[in-house]
Amino acid sequence: RTNPGIASTIIDELISGPREDSGLSRVLPEDIKPGDIKVAMNGNETRVIVDIPEKLDGNKMGSAGSLMTLYAIVNSLTDPANTSNIKEVQFLINGEITKTFGNLEFSEPFIRNPAIIDE
């Protein structure tokens, strides 16, 4: 749970999407493929840097779609059942800090938000 590679594995699982018989919905569009989203850890490994491609366009996803996609990533990476050290997620788009993603503020790191998880 502290291995830096776990963040990449979590992202790959989100890209793969749910099993067909699960009744769950994809949180990332099908045109996002393994390797499209890059993951790196900061020096003290409490922040993960997630670099998403420009084709994951928040403007096309709408407010709810953008929010659900980003927090699926954030909540998966910061879930204590998955990782014990990641506390926040900083997003980049094509390697650059960007102020917005759709209509969401995007320049500051995101922290876990369990309120939007449907258990």
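Student: Does Phe 101 count as buried or exposed, and at what relative accessibility?

Tutor: This is a predicted model, in which local features need pLDDT of at least 70, side-chain atom pairs count only at pLDDT 80 or more, and totals for chains, interfaces and linings use all residues. Residues are numbered from 1 along each chain as its sequence is written, and side-chain values use heavy atoms, with hydrogens and water left out. Buried means under 20% relative accessible area, exposed over 50%, and partly exposed in between (1.4 Å probe, protein chains only). Phe 101 therefore counts as buried, at a relative accessibility of 2%.

Student: How are the rings of Phe 101 and Phe 106 arranged as a pair?

Tutor: Rings of Phe, Tyr and Trp (its six-membered ring) pair if their centres lie within 6.5 Å; planes under 30 degrees apart count as stacked, over 60 as edge-to-face and the rest as tilted. By this rule there are five aromatic pairs. For Phe 101 and Phe 106 the centres are 5.1 Å apart and the planes stand at 25 degrees, so the pair is stacked.

Student: Which class describes the pair of Phe 106 and Phe 110?

Tutor: Phe 106 counts as buried at 0% relative accessibility, and Phe 110 is buried as well. The ring centres of Phe 106 and Phe 110 lie 6.2 Å apart with planes at 70 degrees, so this pair is edge-to-face.

Student: Which residues do ring pairs link into a cluster?

Tutor: A pair of aromatic rings is described by the distance of the centres and the angle of the planes. Ring pairs join the following residues into a cluster: Tyr 71, Phe 91, Phe 101, Phe 106 and Phe 110.

Student: What is the orientation of α1 to α2?

Tutor: Helix α1 (residues 5–16) and helix α2 (residues 58–78) pack with axes 10 Å apart, at an angle of about 140 degrees. Angles under 35 degrees count as roughly parallel, over 145 as roughly antiparallel, 65 to 115 as roughly perpendicular and the rest as oblique. The orientation of α1 to α2 is therefore oblique.

Student: Which residues of α1 and α2 make the contact?

Tutor: Contact means heavy atoms within 4.5 Å. From α2 come Ala 72, Ile 73, Ser 76 and Leu 77, and from α1 come Ala 7, Ile 10, Ile 11 and Leu 14.

Student: Where is Asn 94, and what is its phi?

Tutor: Asn 94 lies in the loop between β3 (88–93) and β4 (100–101). Although Asn 94 is not a glycine, its phi is positive, at about 50 degrees.

Definitions and conventions. Axes are lines fitted to C-alpha atoms, for helices over the stretch in contact, and angles run from 0 to 180 degrees between N-to-C directions. Helices (H or I, at least four residues) and strands (E, at least two) are DSSP runs, numbered from the N terminus.
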